[in-house]
Amino acid sequence: MAEGRLVIGTQRYSSWSLRGWLCVRLAGLDVGVEVVPLAGAGQTAALKTLSPNGCVPYLEHRGAVVWDSLSIAEYCAEHHAFLWPEDRAARAWARSVAAEMHSGFRAVRSALPMNLGRNHPLAAPLAEDVHKDIARINAIWTEGAGRGGPFLCGSGMGNADAMFAPVVCRFLSYDVPGLSSTAQAYMQAVRYHPLMVEWYAAAAREPVEWQLDMYETLA
Ligand SMILES: N[C@@H](CCC(=O)N[C@@H](CS)C(=O)NCC(=O)O)C(=O)O
């Protein structure tokens, strides 16, 4: 019998869920995964009474209740320390970029919503604040993966990569320009990590009825 459950939202769209799911899977926690179809714009009735903040990802594991993707990342690292780098300075860098992702990049988030079914750029040019976010993300990926890669902190996917994985999905979906060759190689490493392949496949199997006009009709 599983030791808990992880509740996530529609895999096609739920960027926060992808982060939590990756951390839980990388840590190998023995939990059942439940997918709740999102209603969009924070209006999913089923979530209101489920998690303390009415959001996914939401984890229950051996008596612990954890909500918020960054808390899930930290919780998973308590079980499997390799999710953060062993080296103190490298760990400080990884935590900083993970937190920067968690609390920032609002322009990218709102202009380029995650939609794994999308495969073409926006019709309109990207706004200046979106370009600014892209430039900072490019710098982080180039610095991290540029140390040897293929991931941000070395040869294995960790918590910092999990936090940025949905950004990789967005940049691929919208064919975002201006990324270094190191950043582009990093995106390929993330996209074709076995867990990401599994997530994309699950998203592709979701019922068409779960698709939301607000994301599908974005020009
Ligand atoms: N800061 C939170 C954000 C979680 C969040 O906003 N999740 C969205 C789905 S991606 C959600 O549950 N929204 C509520 C809804 O759609 O009703 C985290 O890191 O987990």
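Pro 57 lies in the loop between helix 2 (45–48) and strand 3 (58–61). Helices (H or I, at least four residues) and strands (E, at least two) are DSSP runs, numbered from the N terminus. The model is predicted: local features need pLDDT of at least 70, side-chain atom pairs count only at pLDDT 80 or more, and totals for chains, interfaces and linings use all residues. Residues are numbered from 1 along each chain as its sequence is written, and side-chain values use heavy atoms, with hydrogens and water left out.

The bond from Val 56 to Pro 57 is cis, with omega near 10°. A cis peptide bond also joins Gly 149 and Pro 150, where omega is about 5°. Pro 150 is placed in the loop between helix 6 (128–145) and helix 7 (159–173). Phe 105 has a positive phi, near 55°. Its loop runs between helix 4 (88–103) and helix 5 (106–111). Most residues other than glycine have a negative phi, and most peptide bonds are trans.

Val 56 is also among the closest of the 14 residues that surround the ligand, together with Ser 14, Thr 44, Ser 69 and His 102. A residue counts as near if one of its heavy atoms lies within 4 Å of the molecule. By class, this shell has 6 nonpolar, 7 polar and 1 charged residues. Here Ala, Val, Leu, Ile, Met, Phe, Trp, Tyr, Cys and Pro count as nonpolar, Asp, Glu, Lys and Arg as charged, and the others, Gly among them, as polar.

A side-chain N or O atom of Ser 69 is 2.6 Å from a ligand oxygen. For a polar side-chain atom of Thr 44, the distance to an oxygen atom of the ligand is 2.8 Å. Gln 43 contributes a polar backbone atom, 3.4 Å from a ligand oxygen. Taken alone, the ligand exposes 510 Å², and the protein buries 83% of that. These areas come from the Shrake-Rupley method with a 1.4 Å probe.

Terms used:
A polar contact is a pair of N or O atoms within 3.5 Å; within protein, one must be able to donate a hydrogen and the other to accept it, and residues adjacent in sequence count only if both atoms are side-chain atoms.
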